[in-house]
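I opened this one to see how its chains meet. My notes follow in the order I looked things up.

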Amino acid sequence: MTTPRQRIVVHPEFQRSIGFAFAAGVFIVFVIAAMYGIVTFYLLSRTSFVTDQQIAILKSQASLLFWVLLTTGVIFALILGWFGLVLSHRYVGPIKRLEIWLETQLLAKSTPSEFKVRPKDDLADIVQLLNRRLMKRNK
Amino acid sequence: MNISRFLAHPLLRFQRGRLVFYCFLGVAFIMGLITWWYIQSTLKFAGISPIAVGAESSLLKVLLSGYFKFGIILGSALLAATYTSQRFLGPLYRIMVWIKTKELGFEIADLKLRDRDMLSYLSRLINQLYS
């Protein structure tokens, strides 16, 4: 049996939205790269000295570039979508622990215990402020 | 999507934000490299001189320049990373700003986060702590 710490998906709705956000980010990069390539090929085909044969090459290469970028984009979207799920899993855990700790501190009127996270954690600033507030509140 | 939140999001402030940016920088670099390679090989294959093209159209000269390609890679990575990081770390940043404002003694409305942000329960607890 797997524990919540071992399970990748702990909060499905939130983690799914993060996975989709990563995939959407890849889509943004794909759109910009494809637009850049296609616009360049289009402008090249409009120059005065380009022959019909060269225009045909430019058109076929533009279409090929689109499909290559799309395939690469889909692969990256899947990889980064998965990465987003894993990354959000590491984000959900400390937040759940913080919620439980805060709930306990608000219910208990005793001396507050300090909540600890690693100094580099994204929650570090918030935790520091909350610890200070609780100390002040219970003085 | 709230545009002001998107523009004001401090992407590189958070450790995970920086990680997201580096990921998208890698993706943008690979996609940019593919695009650049396709354009260069097509020009070579079709026998089109980039110098002649640049002389006729200044827009094409800009599009084919190295600086522009670098700008496209960096710009797309920044845009994608800011969008993703804002969805991911934005609520956390809003909580931090709210607490700091409250600590400074300003009277502000209760902290509210959407249910789908997962932090709505935490925000209710923080409201209770500061009430």
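**Entry 1: a threonine in a helix**

This is a predicted model. I began with B:Thr35, which lies in helix α2 of chain B, residues 15–46. Is B:Thr35 buried or exposed? Its relative accessible area is 1%, so I put B:Thr35 down as buried. Then I looked up what B:Thr35 touches, leaving out residues up to four places away in sequence. The list reads A:Ala33, A:Tyr36, A:Gly37, A:Leu65 and A:Leu69.

**Entry 2: confidence**

I checked the scores before going further. Chain A has a mean pLDDT of 85, with 92% of its residues at 70 or more. Within chain A, helix α1 (residues 12–45) has the highest confidence, at 91. Helix α3 (residues 124–137) of chain A has the lowest, at a mean of 83. Chain B also has its own average pLDDT, 85, and 90% of the residues score at least 70. In chain B, α2(B) comes out highest at 92. Helix α1 (residues 3–8) of chain B is lowest, at a mean of 64. Where pLDDT is low, the predicted coordinates should not be read in detail. For the complex, the predictor gives an ipTM of 0.83 and a pTM of 0.82.

**Entry 3: B:Phe24**

Back to helix α2 of chain B, where B:Phe24 is found. I read a relative accessible area of 0% for B:Phe24, so this residue is buried. Its contacts, neighbours within four places in sequence aside, come from both chains. From chain A they are A:Phe22, A:Gly25, A:Val26, A:Val29 and A:Leu80. From chain B they are B:Ala77, B:Ala80, B:Ala81 and B:Thr84. I also took a C-alpha distance: B:Phe24 and B:Leu79 are 9.2 Å apart in space and 55 residues apart in sequence.

**Entry 4: aromatic pairs**

A:Phe22 and B:Phe24 are both buried. I also found one aromatic cluster formed by A:Phe27, A:Phe30, A:Phe66 and A:Trp67.

**Entry 5: B:Ser76**

Next I picked B:Ser76, in helix α5 of chain B. B:Ser76 has 4% relative accessibility, so it counts as buried. B:Ser76 and B:Phe24 are 52 residues apart along the chain, yet their C-alpha atoms are separated by 8.2 Å. Beyond its neighbours within four places in sequence, B:Ser76 is in contact with A:Val29, A:Ile32 and B:Ala28.

**Entry 6: the span of α5(B)**

I compared the span of α5(B), residues 66–103, with that of a straight helix. A straight helix of 38 residues would span 56 Å at 1.5 Å a residue. The end C-alpha atoms of α5(B) span only 48 Å. Where does α5(B) have a kink of about 60 degrees? I located the kink at B:Leu89, shortly before the proline B:Pro91. Just after α5(B), B:Gly105 takes a positive phi of about 95 degrees.

**Entry 7: α3(A)**

The buried residues of α3(A) are A:Ala124, A:Ile126, A:Val127, A:Leu129, A:Leu130, A:Asn131 and A:Leu134. Their cover includes α2 (52–107) of chain A, together with α5 and α6 (120–130) of chain B.

**Entry 8: a glycine in a loop**

B:Gly47 lies in the loop between α2 and α3 (50–56) of chain B. I read its relative accessible area as 57%, so B:Gly47 is exposed.

**Entry 9: the interface**

Last, I looked at the contact as a whole. Chain A gives 61 residues to the contact and chain B gives 57. Chain A and chain B bury about 5900 Å² between them, 77% of it from carbon and sulfur atoms. Which three residues supply more than any other three of the area that chain B buries against chain A? I wrote down B:Met31, B:Met118 and B:Leu129, with 14%.

Note on methods
Residues are numbered from 1 along each chain as its sequence is written. Chains are lettered from A and ligands numbered from 1 in the order in which they are written. This is a predicted model: local features need pLDDT of at least 70, side-chain atom pairs count only at pLDDT 80 or more; totals for chains, interfaces and linings use all residues. Side-chain values use heavy atoms; hydrogens and water are left out. pLDDT is the predictor's confidence in each residue, from 0 to 100. Helices (H or I, at least four residues) and strands (E, at least two) are DSSP runs, numbered from the N terminus. Buried means under 20% relative accessible area, exposed over 50%, partly exposed in between (1.4 Å probe, protein chains only). Contact means heavy atoms within 4.5 Å. The expected span of a helix is 1.5 Å times one less than its number of residues. The bend at a residue is the angle between axes fitted to the seven residues ending there and the seven starting there. Rings of Phe, Tyr and Trp (its six-membered ring) pair if their centres lie within 6.5 Å; planes under 30 degrees apart count as stacked, over 60 as edge-to-face and the rest as tilted. Buried area is the accessible area (1.4 Å probe) that two parts lose on being put together, summed over both.
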